[in-house]
Amino acid sequence: EERVRRITFYDYVWIFIACCVLGFIIETIWCYLRFGYIESRKSLVYGPISVIYGIGGVILTAALCTKPRSAWNVFFTALLVGTLVEYVSSLGQEMFFGTVSWDYSGMLLSLNGRVCLLYSIFWGLLGIFWVKMVYPGMAFVSARVRLPYKRAVAWAFIVFFVFDCAVSAAASARMNERLKGVPASNFVEEILDERFPDERMQAIYANAERVDTIRRP
């Protein structure tokens with residue numbers, strides 16, 4: 001009988017990091033193959049991080065890697081989990097940042113333009129790739145390689161990630177205020193205007209569009 005290694009908190013941190021970076025790479029390559037150019041597809045202002053993939057990777061690992069499962073079980077579970085994560089992420093981005101990074105309106109079985117059948121299938125295939133190939137390799141290496149200060153590095157990333165999220169949210173909120181003609185009212189907003197002007201924010205979130213420019217079904 002196949003045995004499954006126990007997954008610790010620190011394992012999940014490293015899984016999150018790996019999936020964030022892997023997702024960024026996948027999105028960048030997909031953009032190049034589909035449109036023929038390189039475009040920023042990261043979620044935060046600092047680092048090659050795609051948060052939706054990090055969240056999806058952690059949830060898929062918790063749901064699918066704690067005991068042996070068939071490929072079909074993995075596929076359909078990953079399809080459902082990925083679709084839910086994508087829908088909630090799109091809704092959250094729209095509610096908190098007033099922007100949309102993807103819109104599947106007009107595609108087969110699209111739900112509010114946030115998810116559709118094609119990309120749900122992609123999530124299922126990605127789940128099989130992760131559970132059957134990538135995660136076992138990571139677990140094998142992690143069980144045999146003892147990196148120095150592994151836990152310290154994990155906590156350093158957590159601190160950096162929280163900081164990155166806070167700065168990204170503040171910079172996005174400030175950009176929305178600038179678009180409405182609201183001037184900086186304090187020292188922090190002045191720094192945000194200086195460090196994250198519209199040109200830089202548009203380059204970072206190149207595929208994000210304001211909600212009021214998109215018609216949701």
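Of the 13 residues that line the largest cavity, Cys19, Leu22, Tyr53, Leu126 and Trp130 are the closest to its centre, a lining residue being one with an atom within 4 Å of a point. Two or more lining residues are given by each of helix H1 (9–35), helix H2 (51–64) and helix H4 (117–144), and H4 provides the largest share, five residues. Helices (H or I, at least four residues) and strands (E, at least two) are DSSP runs, numbered from the N terminus. The lining of the largest cavity comprises ten nonpolar, three polar and no charged residues, with Ala, Val, Leu, Ile, Met, Phe, Trp, Tyr, Cys and Pro counted as nonpolar, Asp, Glu, Lys and Arg as charged, and the others, Gly among them, as polar. Trp130, which is placed in helix H4, counts as buried because its relative accessibility is 5% (buried means under 20% relative accessible area, exposed over 50%, and partly exposed in between, with a 1.4 Å probe and protein chains only). Between Trp130 and Tyr53 the C-alpha to C-alpha distance is 11 Å, although 77 residues separate them in sequence.

Residues are numbered from 1 along each chain as its sequence is written. For this predicted model, local features need pLDDT of at least 70 and side-chain atom pairs count only at pLDDT 80 or more, while totals for chains, interfaces and linings use all residues, and side-chain values use heavy atoms, with hydrogens and water left out.

The largest pocket (an open set of points with protein on both sides within 12 Å along at least five of seven lines) has a volume of about 1,500 Å³. Its lining is made up of 50 residues, among which Ile52, Gln93, Ser101, Trp102 and Asn207 lie nearest the centre. Helix H3 (71–97) is one of the elements that supply at least two residues of this lining, and H3 accounts for the largest share, seven residues. By class, the lining of the largest pocket has 30 nonpolar, eleven polar and nine charged residues.

Seven salt bridges were counted, each defined as a side-chain nitrogen of Lys or Arg within 4 Å of a carboxyl oxygen of Asp or Glu. The side chains of Arg41 and Glu27 form one of these, at 3.5 Å from N to O, and this pair links distant parts of the chain, with Arg41 in the loop between H1 and H2 and Glu27 in helix H1, 14 residues apart. Arg41 also forms a salt bridge with Glu39, whose closest N and O atoms are 3.0 Å apart; Arg41 is buried, with a relative accessible area of 14%, and Glu39 likewise counts as buried at 16% relative accessibility.

A further salt bridge joins Arg178 to Asp193, with the closest N and O atoms 2.6 Å apart. Because Arg178 lies in helix H5 and Asp193 in helix H6 (residues 187–195), the pair ties together parts that are 15 residues apart in sequence. Arg178 counts as buried at 19% relative accessibility, whereas Asp193 counts as partly exposed at 22%. Both residues belong to a network of salt bridges that links Arg174, Glu177, Arg178, Asp193 and Asp198.

Notes: 1 Å grid on protein atoms, 1.4 Å probe; cavity = no way out; pocket = protein on both sides within 12 Å on 5 of 7 lines; lining within 4 Å. Points joined across faces, edges and corners; volume = space filled by probe spheres on them.
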